[in-house]
Amino acid sequence: MNGLGDYPARLLRGLVGIPSVSGREERASAYLAGQMERLGMRAGVDAVGNAVGEIGATDGPTVLLLGHIDTVPGDIAVCQVGDLLYGRGTVDAKGPLAAMTCAAVRAAAAEPRLRIIVAGAVGEEVPGSRGARHLLNTLPAPDAVVIGEPSGWDGVCLGYKGRVGVEYEVSRPPMHTSSPEETAVEAATAFWRGVDAYMRRVSGPHEGVSFDAAAATLVRLDGDIRDATASITCRVPAGFDFDDFQRFVDTTAVHAAARLDERVPAVRRGVSDPVARALRNAIRLHGGRPVLRLKAGTSDMNVIEDRWPVPMVAYGPGDAHLDHTDDEHIALVDLHRSVDVLTRALTDLAGVLRRAPATVLAHA
């Protein structure tokens, strides 16, 4: 057991009990900062609403545990059934955030020379990643990062696909339904089909569910004869040519307006990443068989990896298949296991970080 008794579960219940849809995270951030202070961390809410806590030596090797406190919309009654805790955010990603907060306190006690920062970032679930980008501009570069996302207590996530979204708007003159002219909603449908075909084409032999494939999803299509809009989300692999896609969009959106909402490149780390090694070893020590994962979604790891080229992977309790679903829940035994795993990984990582510069480790 993790030495904190039932506190990790109580912390998670408290977090999940406070709705924090992207853009409305204030109450949850204030609650988390207060709990961090209660645990002995130096904590507060920063200028954009991130809950940030720090513990350990101010001049020691620094590990950033970066989770997110916002959720997608969805009203799921918070309740516990046996060992399962239900509620929006239990998996994505308040469970990992609660585990990181508790593990930071335990690891700092075991390895006082380590400096640990825990951040519950805002705005991860919407384009822009406002919270993570603010941390990039306000925190010194850490020596290592763990991204708080559900990987399963015995899993380590090495990478995420990139993302680009397209917002399309079109208008056509009013016409009779018997007219052979293209209607607005037909134009929007044709544009969507063109984007889908583009993604399939650039995927080549990887077309399908492969991590190396590009894929487009039509998120919303509204319209009629005169006006129509479409929202498309594209998940893209490493090396995706955003500039070429921009040219395709500009050429295809004939007599219409189309814009890309963001350009987030894919990220992938190797199994030799020091953070991955530390987590894998800790999982084994606690009776698990490490599972390495690559995810089709994106996370704040995509946002910060280019600016902070340090050892970095994602880890956290919970089944990612339950993200954003009406059945979102987490096994509390896995929450406690993940606290144990993270605590051990952090203490082991402290010794590694003292022996070599982080920028060297990142490319080991």
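Reply: Start with leucine 85, which stands opposite isoleucine 330 in β16. This is a predicted model, in which local features need pLDDT of at least 70, side-chain atom pairs count only at pLDDT 80 or more, and totals for chains, interfaces and linings use all residues. Residues are numbered from 1 along each chain as its sequence is written, and side-chain values use heavy atoms, with hydrogens and water left out.

Strand β5 covers residues 84-86. It is joined to β16 by 3 bridges, and the two run antiparallel. Strands (E, at least two residues) and helices (H or I, at least four) are DSSP runs, numbered from the N terminus. Two strands pair if DSSP finds at least two bridges between them.

Now widen the view. β5 belongs to an open sheet of 3 strands, in the order β4-β5-β16, with antiparallel pairing. β4 (79-81) and β16 (329-331) are the edge strands; each has a single partner, so one side of each has no neighbour in the sheet. On average, neighbouring strands here are turned by 25 degrees against each other, direction ignored.

Next, another set of strands. β1 (residues 42-45) and β2 (residues 51-56) run antiparallel, joined by 4 bridges. Valine 45 has alanine 51 in β2 as its bridge partner. Together β1 and β2 make a hairpin, with 5 residues between them. In the turn, glycine 49 has a positive phi of about 110 degrees.

β2 also meets β6 (residues 115-121), through 6 bridges and again antiparallel. Here glutamate 54 stands opposite isoleucine 117. In β2, 5 of the 6 residues are buried, so the strand is largely enclosed by the rest of the structure. Buried means under 20% relative accessible area, exposed over 50%, and partly exposed in between (1.4 Å probe, protein chains only).

Arginine 115 lies in β6. It is buried, at 16% relative accessible area. Leaving aside neighbours within four places in sequence, arginine 115 is in contact (heavy atoms within 4.5 Å) with residues including Glu54, Ile55 and Thr58.

What about the nonpolar interior? A nonpolar core is a set of buried Ala, Val, Leu, Ile, Met, Phe, Trp, Tyr and Cys residues joined through side-chain atoms within 4.5 Å. The largest one has 58 residues, and Leu65, Ile116 and Leu279 have the most contacts inside it. Not counting residues up to four places away in sequence, leucine 65 touches Met100, Ile116 and Leu346, among others.

Finally, the helices. Two packed helices are described by the angle between their axes and the distance between the axes. Axes are lines fitted to C-alpha atoms, for helices over the stretch in contact; angles run from 0 to 180 degrees between N-to-C directions. Helix α1 (residues 7-16) and helix α2 (residues 26-38) pack at about 160 degrees, with axes 10 Å apart. They are therefore roughly antiparallel. Angles under 35 degrees count as roughly parallel, over 145 as roughly antiparallel, 65 to 115 as roughly perpendicular and the rest as oblique. Residues in the contact include Tyr7 and Leu11 of α1, and Tyr31 and Leu32 of α2.

α1 also meets helix α3 (residues 94-110): their axes come within 9 Å and cross at roughly 135 degrees. That makes α1 oblique to α3. Among the residues that meet are Leu12 in α1 and Ala98 in α3.
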